[in-house]
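Thanks for coming. I have a few points on one structure, so please look at the screen.

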Amino acid sequence: MAALIRRAPSILRSNFKNRYFFSPAVHRMEETGLYGCHHLKTPKGFQRIVDDAIERSNELVGYISRMPSSSEIINAMDEISNTVCQVVDSAELCRHTHPDREFVDEASKASMRINEYLHYLNTNLTLYDAVLKAEKDQTLTSEEAKRVSRDLCIDFEKGGIHLCAEKKERVSQLNVEIAKCCAQYNANIAKEPGYVDVYPTSLIPKNLHNLVKPVNRLTSRGLGVNIREKGFRIVTEPSNVSAVLQWTSDDEVRKMAYIKSNSVPRANLGVLDKLIAARHEISQIMGYKSYVEYALQSNMASSPDVVSSFLVELSKAVQPKAVEEFESMRNFKRRKNSQQDLELEPWDEAYFARSMKSSAYNLDFSVVASYFSLSQCIEGFKVLVESLFGMKFINIPLAPGESWHPDVLKMALHQPNEGDLGYIYLDLNSRLGKYPGCAHFAIRGGRQVSETEYQLPVIALVCNFSKSQNSAVVRLNHSDVDTLFHEFGHALHSLLSRTDYQHFSGTRVAFDMAETPSNLFEYYAWDYRILKKFARHYSTGDIIPEKLVTSMQGCKKMFAAMELQQQIFYALVDQTLYGDQTLSQIDTTSVVVDLREQHTNWKHVEGTHWQTRFNHLLNYGAGYYSYLYAKCFASTIWERVCKDDPLSLETGTAIRTKFLQHGGAKDPAQLLNDLAGDGITRYQNGGIIPDITSLCHELNLRK
């Protein structure tokens with residue numbers, strides 16, 4: 001199913017009429033439908049856009065079956081991808097954000113129908129034979145077209161199209177099984193988030209009362225007298241648990257929350273076993289030793305040995321500093337409790353990290369948040385694009401019917417000489433039933449329609465920021481600002497790419513490079529030279545003090561080694577669970593226990609199984625290491641390209657012209673080296689591995 005959906009190719013440059021599902025996002029006010037699609041004025045419009053997409057794609061399949069020239073084959077394949085992806089992406093955004101249940105239901109139906117059609121496309125031998133012809137043909141003149149043809153062949157074959165009928169059928173069955181496992185895994189988490197009841201209410205800090213629910217119980221006071229005692233119920237979903245672990249001083253409350261959150265849903269142990277087994281069987285049918293080997297074939301790393309080498313090298317580099325940090329935290333706990341034999345427990349980490357940071361830097365996080373109102377952070381985006389790229393974000397009134405909620409904003413990225421470069425919807429406020437995290441959604445990718453016309457990208461940036469208590473102003477914790485700038489990096493990648501084919505538009509790049517721009521723009525959320533341009537007190541308008549930012553930076557570095565070590569551990573678990581299983585069936589909990597012992601300073605808590613709620617094992621299966629690749633790449637780019645003058649046009653021009661504008665159309669290692677100079681990547685065992693020097697220097701690690 002990946003061949004056409006995961007990546008996407010250009011419009012057919014022939015006699016076929018270009019049909020936009022989404023009308024060009026121009027400055028207009030006539031009534032339209034959702035995202036500017038006229039058919040989406042009502043929920044039933046999703047049926048129409050699926051019908052139109054299938055009709056148009058079938059026309060193109062018929063055209064390709066007549067085996068035109070190789071360039072026309074690639075162009076037609078790209079138009080199919082562009083046509084189908086717009087439906088998939090719009091349905092996905094609607095399912096996660098629209099407050100109207102009827103729209104959500106129709107988007108879900110559309111998603112199911114279009115994915116069924118995608119299965120037909122990705123198992124279509126006519127299309128595969130045509131792509132093979134184009135890939136072998138010497139007449140393709142553009143390097144990007146050649147790259148598209150190679151990519152499509154690889155993606156088709158990853159779906160098993162080249163196999164015999166029996167194996168192909170088995171792969172199809174396994175893909176259905178994998179989809180069911182992923183759905184069940186997430187459904188189990190939603191169904192059984194877990195909870196703990198805490199008595200008395202005084203054990204829960206007042207700043208967490210908005211996260212808990214009142215409960216009560218009968219308590220005996222002797223002599224047959226029972227009284228009703230008040231308490232709080234903590235639903236142990238991730239954001240609640242994170243807050244409880246950071247702010248609750250009572251050890252027992254933290255312990256209960258930690259254990260419960262890491263021991264539900266137990267049913268996912270079996271689901272994860274089935275998922276791993278199904279992916280392993282697919283990899284063996286395809287001729288690979290493991291799912292990791294199968295999944296990495298088109299990534300920069302290319303092999304499990306390369307990823308393992310990278311993770312072990314990074315783990316060794318971080319270990320001494322992580323031990324120092326762990327010991328300092330344990331000593332702090334012992335001093336605080338006046339006991340020299342107290343051990344540090346896993347449920348202590350977040351609480352004592354926050355306490356030690358606050359103690360060392362006298363940092364009041366509510367004061368920090370007062371300088372980061374959501375409106376000022378949006379101004380920060382505008383400052384960045386104007387300083388770096390000579391562009392402006394221009395607010396655009398939403399046409400009637402275009403938006404899915406009154407809070408949604410729309411902006412055009414505009415360059416004076418080039419005009420509008422793309423459009424972004426901002427849906428940043430929290431609300432019931434909305435996608436719970438922060439994400440970048442593509443609605444339409446960019447591509448060259450003709451020699452004079454370019455299809456501009458349209459994206460949505462979705463977050464969940466809440467208004468402060470007793471205030472109409474949305475103020476962000478700096479961790480939220482960091483996340484917002486991370487997603488903004490993805491948005492810029494999409495908006496600034498200028499590829500011939502939608503297949504390589506924006507974030508459609510090698511999996512282990514996709515997070516590099518987002519990690520790079522996190523640095524902009526921490527640098528005082530940038531923050532003083534937009535971070536102002538929500539009521540006084542005062543610029544954020546440099547001393548406060550220095551304290552924030554100091555806090556960030558205090559336990560950076562332990563945090564990095566945790567990410568390495570996650571990546572190693574992911575690699576091991578999907579690794580070679582020739583010796584015996586994997587016990588996922590044993591893997592977690594062993595790797596935690598080898599690569600962290602924390603002990604395993606009996607009865608917990610953290611892996612049953614780590615849903616990155618689903619969508620990022622065998623690819624979680626890519627976050628660490630990106631962290632290394634971004635650190636080097638910041639050090640070599642941005643650090644001296646992060647807001648200059650020269651810096652922005654380099655980022656845009658040498659990196660972002662190419663999307664996935666060029667070799668990723670070459671792009672990285674073109675931007676930051678030789679040495680940012682190196683070859684090892686046939687794959688590409690990041691240089692960890694800059695990251696080690698940044699975190700004061702001994703490489």
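This is a predicted model: local features need pLDDT of at least 70, side-chain atom pairs count only at pLDDT 80 or more; totals for chains, interfaces and linings use all residues.

On one side, in α5, we have Leu127, Tyr128, Val131, Leu132, Ala134 and Glu135, and they meet Ser149, Arg150, Leu152, Cys153, Phe156 and Glu157 in α6. Sorted by class, the contact of α5 with α6 holds eight nonpolar residues, one polar and three charged.

How are two packed helices described? By the angle between their axes and the distance between the axes. Here, α5 covers residues 125-136 and α6 covers residues 143-158. The angle is about 145°, and the axes are 9 Å apart. The crossing of α5 past α6 is left-handed.

Next, the cavities. With a cut-off of 30 Å³ or more, the count is two. The largest cavity has about 50 Å³ of space. Its lining consists of Tyr258, Asn262, Val592, Arg596, Lys603, His604, Val605, Thr608, His609 and Trp610. In that lining, four residues are nonpolar, four polar and two charged.

Is valine 235 buried, exposed or partly exposed? Its relative accessibility is 23%, so valine 235 counts as partly exposed. Buried would need a value under 20%, and exposed one over 50%. Setting aside neighbours within four places in sequence, the contacts of valine 235 are Pro193, Gly194, Tyr195 and Asn240. As for glutamate 606, it is 371 residues away from valine 235 along the chain, and their C-alpha atoms are separated by 21 Å.

That's what I had; questions are welcome.

Technical notes:
Residues are numbered from 1 along each chain as its sequence is written. Side-chain values use heavy atoms; hydrogens and water are left out. Axes are lines fitted to C-alpha atoms, for helices over the stretch in contact, and angles run from 0 to 180 degrees between N-to-C directions. Helices (H or I, at least four residues) and strands (E, at least two) are DSSP runs, numbered from the N terminus. A crossing is left-handed if the near helix is turned anticlockwise from the far one by less than a right angle, and right-handed if clockwise. Contact means heavy atoms within 4.5 Å. Ala, Val, Leu, Ile, Met, Phe, Trp, Tyr, Cys and Pro count as nonpolar, Asp, Glu, Lys and Arg as charged, and the others, Gly among them, as polar. On a 1 Å grid over the protein atoms alone, a cavity is a set of points where a 1.4 Å probe fits but cannot get out, and a pocket is an open set with protein on both sides within 12 Å along at least five of seven lines; lining residues have an atom within 4 Å of a point. Grid points are joined across faces, edges and corners, and a volume is the space filled by probe spheres set on the points. Buried means under 20% relative accessible area, exposed over 50%, partly exposed in between (1.4 Å probe, protein chains only).
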